[in-house]
Amino acid sequence: MATGRTHRPATRSRGIPEATVARLPLYLRALTALSERSVPTVSSEELAAAAGVNSAKLRKDFSYLGSYGTRGVGYDVEYLVYQISRELGLTQDWPVVIVGIGNLGAALANYGGFASRGFRVAALIDADPAMAGKPVAGMPVQHTDDLERIISDNGVSIGVIATPAGAAQQVCDRLVAAGVTSILNFAPTVLSVPDGVDVRKVDLSIELQILAFHEQRKAGEDAATDDGAPAPAVAKDHRKGPDGDVPAVMPA
Ligand SMILES: NC(=O)c1ccc[n+]([C@@H]2O[C@H](COP(=O)([O-])OP(=O)(O)OC[C@H]3O[C@@H](n4cnc5c(N)ncnc54)[C@H](O)[C@@H]3O)[C@@H](O)[C@H]2O)c1
């Protein structure tokens, strides 16, 4: 198996920069909320505020989609939901397998947000023979012995890894060999995958560590202000909203 992570070009084949692709789910989330409230149109400023993005950036992003809105009216909410969903590949159903059905895997399996966003949990897989056949989120857990067959039978291209770190690479290798080409990794380890396989990593503890860093710096600034001394010469970085935030899901 080749090692090293996939290196993606900054621009995808259809000419949409990766940074724009990363913001499309933010727009989609804001637009879906507007759609649920039956709001027909939205201005770039309103949508940018709802998505936590600057409005010039939003207009530039939408120009890649060929969506320019109508002056004085704004963007058609339903049409944008459709356009962005299509761009993200969400107008088709994506079967997903979750491997490692412990605390986290079971919580993910029970999360209703996958299905509503076009991701169908096709199978739950675990190495513990005692779990085989046990229902979690209404589906029987299947044993890892059947992993390859499950991937093939369900045409799965996206795998979620929620095993202990020590098992993650081996699980990843089996998923990839079976045909999975996108992996969402929750295990705290760096995975090696061949070219053509995308890995995204979620690590909530890293997010908390970044918040801890900011808390520590704020406390330092407050202490300096309290005793009359000048605040430390660090750049203030009170970034608000997803535009400036470090995403909870990051490239591996
Ligand atoms: N990314 C995050 O923010 C985040 C948050 C919580 C937990 N985690 C990580 O998620 C993983 C799971 O955490 P948990 O609390 O659910 O652990 P857990 O011990 O409850 O569950 C792990 C499950 O994986 C199964 N497993 C072990 N080896 C396997 C293999 N080779 N193939 C298939 N299944 C296998 C076990 O039988 C068990 O059911 C850990 O790596 C943990 O560090 C990440």
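This is a predicted model: local features need pLDDT of at least 70, side-chain atom pairs count only at pLDDT 80 or more; totals for chains, interfaces and linings use all residues.
1. Let's begin with strand E7, residues 158–161. On one side of the pairing list is strand E3 (residues 94–99), which runs parallel to E7 and is joined to it by 4 bridges. If you want a spot to look at, take Ile98, whose bridge partner in E7 is Val160.

2. E7 also pairs with strand E8, residues 182–185. Again the two run parallel, with 4 bridges between them. Here you can look at Gly159, which has Ile183 in E8 as its bridge partner.

3. How do you get from E7 to E8? Helix H8 (residues 165–178) belongs to the picture here: E7, H8 and E8 make a β-α-β unit, and that unit is right-handed.

4. Now for helix H4, which spans residues 77–87. Which of its residues are buried? They are Val77, Leu80, Gln83 and Ile84. These residues sit on the same side of H4, because the arc they cover around the axis is only 125 degrees.

5. Turn to the face of H4 that points away from its buried side, and you'll find the exposed residues Tyr79 and Arg86.

Notes:
Residues are numbered from 1 along each chain as its sequence is written. Two strands pair if DSSP finds at least two bridges between them. A crossover is right-handed if, with the strands pointing away from the viewer, the path from the first strand over the helix to the second runs clockwise. A residue is buried if 20 or more other C-beta atoms lie within 10 Å of its own, exposed if 12 or fewer, and partly exposed in between; C-beta atoms are placed from the backbone. The arc is that of the directions from the helix axis to the C-beta atoms.
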